[in-house]
Amino acid sequence: MKSIPFIVLILSLGLNACGQQSTSVKEEKKDSTMATFEVVKSESEWKSQLDDEQFRVLRQKGTEAPFSGKYYYENDQGVYCCAGCNNPLFKSDTKFDAGCGWPSFYEPITPTAVKENKDISHGMVRTEVVCGKCGGHLGHVFNDSPEQPTGLRYCINSVSIDLDKKEDK
Ligand SMILES: [Zn+2]
């Protein structure tokens, strides 16, 4: 019978093809959260600089309890800066009461002050907002505030920011 060696040949070709395919699939995964930042510190350096709650939110992407943050009801004028690296993030003029329990802003102080990452944790698709200088987690941005000039709500943890108050003269 001539057909048996022929079948063996086809099978071995098929196996080779599969073998080649599996090796060519090896590609390095690129992660947008691996972006490089101007301020880079080790986790232990951050831990010694920040208090426990700041470390949990800024460096471990935690969330403070709603209505608990020190800036939720804040109305003083000034610039909100990153609690990790002092990078100016939001102007008090753009803060509004969204009723959500966290300080909310409709736009960052400059387009590069913050960076945005897709966040698919907790079974939701959200846009995470991080500091543009140190990558510290600030909160999330939502496109659900049509009454605001940008339509956006930057929902930010109070512990991630420090208000640099304007001095009235
Ligand atoms: Zn920062």
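Which residues does S158 touch, not counting residues up to four places away in sequence? S158 touches E64, G69, K70, Y71, Y72 and P103, where contact means that the C-beta atoms of two residues, placed from the backbone, lie within 7 Å.

## Basis of the model

This is a predicted model, in which local features need pLDDT of at least 70, side-chain atom pairs count only at pLDDT 80 or more, and totals for chains, interfaces and linings use all residues. Residues are numbered from 1 along each chain as its sequence is written.

## Overall layout

The protein chain holds three helices and nine strands. Helices (H or I, at least four residues) and strands (E, at least two) are DSSP runs, numbered from the N terminus. Along the sequence the pattern is α-α-α-β-β-β-β-β-β-β-β-β.

Of the 169 residues in the protein chain, 27% are buried. A residue counts as buried if 20 or more other C-beta atoms lie within 10 Å of its own, exposed if 12 or fewer, and partly exposed in between, with C-beta atoms placed from the backbone. Among contacts with a separation of 6 or more, 57% join residues 24 or more positions apart.

## The six-stranded sheet

Six strands make an open sheet with antiparallel pairing, in the order β3-β4-β8-β7-β6-β5. β3 (95-96) and β5 (114-119) are at the edges with a single partner strand each, so one side of each has no neighbour in the sheet. Two strands pair if DSSP finds at least two bridges between them.

β5 pairs with strand β6 (residues 126-131) in the antiparallel sense over six bridges. D119 stands opposite R126 in β6, and N117 has E128 in β6 as its bridge partner. The two strands form a hairpin with six residues between them. H122, in the loop between β5 and β6, has a phi near 60°, a positive value in a residue other than glycine. H122 is exposed, because 7 other C-beta atoms lie within 10 Å.

## The three-stranded sheet

A further open sheet has three strands in the order β2-β1-β9, also with antiparallel pairing. Its edges are β2 (88-91) and β9 (161-165), each with a single partner strand, so one side of each is left without a neighbour in the sheet. The twist averages 35° from one strand to the next, where axes are lines fitted to C-alpha atoms, for helices over the stretch in contact, and angles run from 0 to 180 degrees between N-to-C directions.

Strand β1 (residues 78-82) pairs with β2 in the antiparallel sense over three bridges. C81 stands opposite P88 in β2.

## Nonpolar core

The largest nonpolar core has 26 residues, and those with the most contacts inside it are C82, L89, C131, Y154, I156 and I161. Such a core is a set of buried Ala, Val, Leu, Ile, Met, Phe, Trp, Tyr and Cys residues joined through C-beta atoms within 7 Å. At least two core residues come from each of α3 (52-59), β1, β2, β6, β7 (137-142) and β8.

Leaving aside neighbours within four places in sequence, Y154 is in contact with F90, S104, F105, P108, V129, G139 and V141.

## Two loop residues

S158 is in the loop between β8 (153-156) and β9. S158 is buried, because 21 other C-beta atoms lie within 10 Å. S158 and T63 are 95 residues apart in sequence and 9.6 Å apart in space, C-alpha to C-alpha.

K61 is in the loop between α3 and β1. K61 is partly exposed, with 17 other C-beta atoms within 10 Å. The phi of K61, a residue other than glycine, is positive, near 55°.
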